Amino acid sequence: MARKQLKTLTEPMYYILLNLIEPIHGYGIMKKIEDSTDGRVKVGAGTLYSLLSRFLKEDIVSIVSVKDGKKTYCLTEKGKSVLQDEYDRLKLLVIDGNIALGEGSHE
């Protein structure tokens with residue numbers, strides 16, 4: 001049931017998962033998202049930790065270590081699958097957009 005709820009991800013969800021391919025702590029996630037999107041996407045602490053809590057419950061991420069009170073998170077195999085599914089879905093949206101806007105072919 002939880003898997004079905006994540007058929008499509010919100011932008012913050014996608015960027016959080018994208019930055020959890022390698023182990024990282026919460027503040028690092030927020031910083032990497034902001035840096036990698038040139039400030040276009042900012043995920044606040046409330047949103048981040050709410051989503052991390054949800055992802056932990058749904059076995060999408062795991063805590064790999066706790067040091068000095070900082071938890072380090074990483075994607076689980078299920079999380080990698082969720083991220084890959086969303087990536088594939090987004091690629092199809094871009095292909096459809098390219099076709100509709102005359103920037104691509106039907107090949």
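User: Let's start with the strands: how many bridges join strand 2 to strand 3, and do they run parallel or antiparallel?

Analyst: Keep in mind that this is a predicted model. Strand 2 and strand 3 run antiparallel, joined by six bridges.

User: Moving inside, which residues of helix 2 are buried?

Analyst: In helix 2, which spans residues 11–18, they are Met13, Tyr14, Tyr15, Ile16 and Leu17. Their cover includes helices 3, 4 and 5 along with strands 2 and 3.

User: How should I read an aromatic pair, and what does the pair of Tyr14 and Tyr15 look like?

Analyst: You describe two aromatic rings by the distance of their centres and the angle of their planes. The count here is one aromatic pair. The Tyr14 and Tyr15 rings have centres 5.6 Å apart and planes at 80 degrees, so they sit edge-to-face. Tyr14 is buried at 12% relative accessible area, and Tyr15 is buried at 14%.

User: How many salt bridges does a search of the whole structure find?

Analyst: Five. Among them is Glu11 with Arg40, at 3.0 Å from N to O. That pair links distant parts of the chain, 29 residues apart: Glu11 is in helix 2, while Arg40 is in the loop between helix 3 and helix 4. Glu11 is partly exposed at 41%, whereas Arg40 is exposed at 53%.

User: And where do Asp35 and Lys31 lie?

Analyst: The general point first: an α-helix has 3.6 residues a turn, so residues three or four places apart point the same way. Both Asp35 and Lys31 are in helix 3, four residues apart, or about one turn. Their salt bridge has its closest N and O atoms 3.2 Å apart. In helix 5, Lys80 and Glu77 are three residues apart, so about one helical turn separates them. Their side chains form a salt bridge at 3.4 Å, N to O.

Definitions and conventions. Residues are numbered from 1 along each chain as its sequence is written. This is a predicted model: local features need pLDDT of at least 70, side-chain atom pairs count only at pLDDT 80 or more; totals for chains, interfaces and linings use all residues. Side-chain values use heavy atoms; hydrogens and water are left out. Buried means under 20% relative accessible area, exposed over 50%, partly exposed in between (1.4 Å probe, protein chains only). Helices (H or I, at least four residues) and strands (E, at least two) are DSSP runs, numbered from the N terminus. Contact means heavy atoms within 4.5 Å. Rings of Phe, Tyr and Trp (its six-membered ring) pair if their centres lie within 6.5 Å; planes under 30 degrees apart count as stacked, over 60 as edge-to-face and the rest as tilted. Two strands pair if DSSP finds at least two bridges between them. A salt bridge is a side-chain nitrogen of Lys or Arg within 4 Å of a carboxyl oxygen of Asp or Glu.
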